[in-house]
Structure formats: C-alpha cells, structure tokens
Amino acid sequence: MSDLRDLYQEVILDHNRRPRNFQKLEGANRTAEGYNPLCGDQITVYLRLEDDVVTGVSFQGSGCAISKASASMMTAALKGKTAAEAATLFKAFHAMVTADLGATFDPLELGKLAAFAGVHEFPIRVKCATLPWHTLRAALEGGQETVSTE
Amino acid sequence: MRATHELTLPVPTPGTNVAFDVDRVRKDFPLLRQQVHGKPLVYLDNAATSQKPQVVIDTLTRYYAEENSNVHRGVHFLSERATEAHEAARANVRRFLNAADTREVIFVRGATEGINLVAQSYGRTHIKPGDEIIISWMEHHSNIVPWQMLCEDKGAVLRVIPINDDGEVLLDEYERLLTPRTKFVALVHVSNALGTINPVKQMIEMAHRQRVPVLLDGAQAVAHLPVDVQELDCDFYVFSGHKVLGPTGIGILYGKADFLERMPPYQGGGDMILSVTFEKTRYNTLPYKFEAGTPHIAGVVGLGAAIDYLQGIGLDRIAAYEQGLLAYGTDVLSAIPGLRLIGTARGKAGVLSFVLEGIHAHDIGTVLDQQGVAIRAGHHCAMPVMQRFGVPATARASLAFYNTRGELDALGRAIRKAIELFS
C-alpha cells in the first residue's frame, strides 16, 4: 500500500476524519461555492476579510478525503494571511499538485500543505485537491457564481 | 413500499446452462490478461463499456485491411463487398432483437443518438404544448435531457415515475401518471446505476392501452438478457454497440416501421435521399432515410461480429451465469461491515452499486484501482437516482459473463483494504 500512502498521508487522513473549521462562519463577509460535476464534490468557503487580512475562514460541504482534507488544511493555513499571501500560497500549492516544473515556489512556504505532494501521481485526483482553493480564490475576488472544476 | 409488478427475472431455458466455461471465455478477451499497478486486472466496469473479444478486433482489422470501401455507391468489387458486409450486420441485429424487418434497424452512433433521433424526429412532429412525456426516476441522463429539450421546445411537460427504496418503479404511480395528456413514454430497460430490470412488458401494455408509444433504453440490457422487441411490443428500442462487446461509435435504433415511415428525417445529407434538386428532395426509404452520410462501416461490421459471438454463447446461458455471479457478489459485499448496497430490486442485472460509511466513492475507486480492481465511482450519469437515495455518489461494480467469483473475492478484499486505510 506504499503508493496509496503517498496519496493518503496520515495528516490527510486525520483532516478527513476530523476536518478543522468545518462550519458556517459567523461574520463572514465573503462566500463562494465550488462544485466538481465529475464526482459531485461540493464546497462552500466562508471568509472574513478585514483590512485585506483573512481574520476568519471556514468551509462546509461534501466530498472525498482529498478534497475535504485539502479544504481543512487550507483553512488552517490561511488565518492571518493577507489576500496577496493567500493568492501566492494557492499558486505554490497548484504548482505542487500539478507537478508544474515551469513554476517556481518555495516548498518551505507550503508547510504542512506539502502533504499533498503525492497528488500529482494521481492526475484524476488533482481537481479534488484544488477545488477548495479555486473556491477560495472566487471568495477573495468577491464573485458570486459557483466555481466549477470543469 | 413494495413495487407491485410481476417478477421478470431472466430464467434460463432448461438444458442451456450446462458447464459455462468462464476460463475458456476469458481467453477470447486479450485485454483481460494484463496487470494494473502490478496486480492482475479485475475489470468490473462493464456497465461503462464492455471488453472486446479477439474476433471483434480481428473483424475490424480485416475490414480495413481487405474490404474497406464506401457503401451503397460504388459499382466496383470492394464497394459491393463492403455494402454486403454492412447489410449482413443489419440482418444480424434484426435477428438479435427479433425485429420483424431489417428496415426497422437503423444504425446510429449509440443509444444516446437513438434517443435524440426519436425525440427530435418523432417528438417535434407529434408533441404539442401541454402534452406530457413520462420517464422513470432511474433514467440515465441520456434518457432525460433529450426529452427535457423537447419539452422546453414544445411547451410540453415531463412526468417522472417515482421508485421505492429498493430501486423499483411504482406501477400504481405510473398508472396515475398515464392520462389522456400522455403522448410518449421513455423507459430504461435495465438501470445502469441500480441494476434494476424494469417490468417493461407490463409497462408497455399499460401505455398501449392509452395508445401511447414507448421507447426502451436497452443500453444495459442487451448484453445481459435476451431481448425480443416483438414480444415486448415496444415501439422503439435503442442500444450502444460498445456495451455489447462491439466498437464504440456505433449503436442501434429499432423502430416499428409504422412509426419510422411517418417520421421526418433526423439529419440531411447523402445516402438518405432518392433524388435532389434545389426545388425538392425525395427522401430514401427505410432504413436509409435515417442514415445520412457515410456510415461507421467498420463499426457496423464489428458490431455484427460481436453479436455473432454473443449468440454463439447464448444470451440465456449468459443471463443464468451472471445471475449466479450477482448472487455471489451480493453475498460478498453484504458481509462487509458499513457497506450499503444501493439498488436491491428483486429483478436485477449484474450491477453492484454501494456506499461505505465514512468513505467517499472516489476514494474507494482510487484504493481499488491500486489493487487492480477497476470500478466506477460517481453519479453514473444518473444524478436524480443519487438524490433519491441521498448520496452524492456511489461506487459501482458491474459484471459481465467473463468475470469470475475469484474476481468478486478480490473486490471484497480490496474494499476491506479501503476500510482499513480510512478507519
């Protein structure tokens, strides 16, 4: 099962079992919906942005272990970040899970999110990992439309 | 709530179920010999598409190597040979479905195109504002969306027959939905998401009492049970070649000649005409009226070979063997703690759709794939079925006659590994 453990790292399994910030956020001033029509994953991201700083972030929805853990760990990583820092983090995360060799990012910057590095070996699951982040970006940009991975 | 219909399980003809030699059958399918992620492939995604026996692959090769030419046109030797092969396959399909006449067998791209053809050609000329079209809750999107498009276009109304918790249509509700406003009924013969074999003969009789025509979507039926369109008395029947051991991109629309004669062409072009001037075009006779353009000739002859192969084994024997596999697989899965089968109708074909407590179908699919077990995870293009059972997605193992009990044991072991990983 070594290959599977590349994908389903212990920290990912833990966040799947006990997702953090898994509730509606009181005082949220940004929300966005994400949907993956291929597998039915659905997520709502709640954001409280004050003076361009993420002071609160949470999510609700249903999805596979990868999407749920990705959302959970994303919310944990975002608190206190500026909108620009959040966008940079998304870029680095995206480059890592798609194994985009052209992109440059500092692996240290990703911290615990580096647990998702194994996703690139499972191309069909990349969308599961990035759905929460695409939804976050929509929330940051203030759009109201549902984000789709398709 | 129990559905009230009679059971219509495929029953083998006595004497036909002698020594089904699955090991021998498997040798006919080269793809089954491979390994995936270092494990022997266990292919349980037959409802998505079936594998191809060597004879179908050889037929395609031979067609392109020795017979390739256009049909219904040339006066030369090869064109005659291609035309002959093309029309021989049509005769094969006629026998396969027991249609009354080869004119009633139309080649299309697949079940989806067959349904769209009927919705557009029959529907646009016969459906009027306020008319009602009935489908069931367990339809594949391909038997929902074309009717929705027609309803939107014509101001007609789509009515849906509800199903019970086992995944059986409720016939008393169907009876209530059948009114003088009903102008068409479109039903799935065997559900791809649940495996339910619908009591279609009875449902066709009920519609016909009100003079309402019925289309059956047989995409999941024809490879698994004998189908006789005259005995069913359906007005239209569609299926896809690739789900019945044939190539992709070829499928069948069967229609009663009475209906097809009265329907306008679906697409215009070559082959579907008798004569063309800028003032007036005279359409060709059946079945060519509905076959515009150069057909998928290789696909047609490949499908013919697939049907020959299937009939060589016999649908009765296949159905009986698969019923045994289904019962075995149901036992294997039912013994797994936290597993819930979705689709427990009394009459079922070889579909095992399930959910695991606390594990998403997509994760099950990935873990099983690592064990070499290929299943489908998702909504199976039947999102209303998922909503009905309150699940976002299911994992689905779907059987064919080349599957073995050993493979179902491997499925069970792989599922237990997934439970272990996520516990």
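Two residues are taken to be in contact if their C-beta atoms, placed from the backbone, lie within 7 Å. By this criterion, in the predicted model, 26 residues of domain 1 of chain B are in contact with 29 residues of domain 2 of chain B. The side of domain 1 of chain B that touches domain 2 of chain B receives two or more residues from each of helix 11 (315–334), strand 14 (351–356) and helix 13 (383–388) of chain B. Helix 11 of chain B gives the most to this side, with five residues. By residue class, the side of domain 1 of chain B that touches domain 2 of chain B comprises twelve nonpolar, nine polar and five charged residues.

In the domain assignment of chain B, domain 1 is made up of residues 22–52 and 314–422, and domain 2 covers residues 56–312. The centres of domain 1 of chain B and domain 2 of chain B, taken over C-alpha atoms, are separated by 28 Å.

Chain A contains six helices and four strands, and its elements follow the order α-α-β-β-β-α-α-α-α-β from the N terminus on. The radius of gyration of chain A is 14 Å, close to the 15 Å given by the globule rule for 150 residues, so chain A is as compact as a globular protein of that length. The C-alpha trace of chain A spans about 45 × 30 × 30 Å along its principal axes. Of the 150 residues in chain A, 43% are buried. Among contacts in chain A between residues at least 6 apart in sequence, 64% join residues at least 24 apart.

Methods
Residues are numbered from 1 along each chain as its sequence is written. Chains are lettered from A and ligands numbered from 1 in the order in which they are written. This is a predicted model: local features need pLDDT of at least 70, side-chain atom pairs count only at pLDDT 80 or more; totals for chains, interfaces and linings use all residues. Domain bounds come from an automatic or database domain assignment. Ala, Val, Leu, Ile, Met, Phe, Trp, Tyr, Cys and Pro count as nonpolar, Asp, Glu, Lys and Arg as charged, and the others, Gly among them, as polar. The radius of gyration is taken over C-alpha atoms; the globule rule is 2.2 Å times the number of residues to the power 0.38. A residue is buried if 20 or more other C-beta atoms lie within 10 Å of its own, exposed if 12 or fewer, and partly exposed in between; C-beta atoms are placed from the backbone.
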